[in-house]
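Thanks for making the time this morning.

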Amino acid sequence: MPYNNLEASLSSTEQADLIQRIEDMRALLPFLINLTPKEKQQGRYGQHNYAFLRAAFDYAQQRPELLPPSFSLTGWQADIELYDRLMPIAQQVAILQEALNDTMFALRTEAQKSALDFLKFAQVAATSNQPGTTGIVENLKSKLSKPYKARTPKVSPTIENTEEQ
């Protein structure tokens, strides 16, 4: 799965600049919070519920006499307005996050393929008794998450093969 557009680089200066820009953006949003997992479970609302809260707010604006005196309609309005302003930012961050994840996945996949190719080359060298290669092969195999087996094409049974059995 080669990706021609991944022949790019990111200098340490560019990396530091990007990290600083992200920190600058976070500094512009000092009101951001971190919820506990329990708090997140209590507040699961989908897009359908946004339509509900928007409609309820519109009705409350039209009929403020239905609200108790202690209820803050302006606070509710401020929450909705901030949510509406944050949504396009969150969407852009999500797009960026997906692109970063996809790029990192592709880079990791390509690097893993190269590492497996190198392991095969080292195994061939080890079978030819090239000095030091057996240790390399054993060390690399020990670092694989699954036991490594050389991949051979699987022969799928054909109609003729299954009739003979």
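Phe57, Phe71 and Trp76 are linked by ring pairs into a cluster, where rings of Phe, Tyr and Trp (its six-membered ring) pair if their centres lie within 6.5 Å, with planes under 30 degrees apart called stacked, over 60 edge-to-face and the rest tilted. Please keep in mind that this is a predicted model, in which local features need pLDDT of at least 70 and side-chain atom pairs count only at pLDDT 80 or more, while totals for chains, interfaces and linings use all residues. Residues are numbered from 1 along each chain as its sequence is written, and side-chain values use heavy atoms, with hydrogens and water left out.

How many aromatic pairs does the structure hold? There are three, and in one of them the rings of Tyr50 and Tyr83 have centres 5.3 Å apart and planes at 25°, so this pair is stacked. Because Tyr50 lies in helix 3 (residues 47–62) and Tyr83 in helix 4 (residues 73–127), the pair ties together parts that are 33 residues apart in sequence; helices here are DSSP runs of H or I with at least four residues, numbered from the N terminus. Tyr50 counts as buried at 17% relative accessibility, whereas Tyr83, at 38%, is partly exposed, given that buried means under 20% relative accessible area, exposed over 50% and partly exposed in between, with a 1.4 Å probe and protein chains only. Phe71 and Trp76, by comparison, form an edge-to-face pair, 5.6 Å centre to centre with 80° between the planes, and Phe71 is partly exposed at 39% relative accessibility.

Tyr50 and Trp76 come back in the largest nonpolar core, whose five residues are Tyr50, Phe57, Ala60, Trp76 and Ile80; such a core is a set of buried Ala, Val, Leu, Ile, Met, Phe, Trp, Tyr and Cys residues joined through side-chain atoms within 4.5 Å. Helix 3 and helix 4 each supply at least two residues of this core, and the largest share, three residues, comes from helix 3.

Finally, the axes of helix 4 and helix 5 (residues 133–142) come within 8 Å and cross at roughly 145°, the axes being lines fitted to C-alpha atoms over the stretch in contact, with angles from 0 to 180 degrees between N-to-C directions. The contact (heavy atoms within 4.5 Å) involves residues including Phe118 and Leu119 of helix 4 and Ile136 and Val137 of helix 5.
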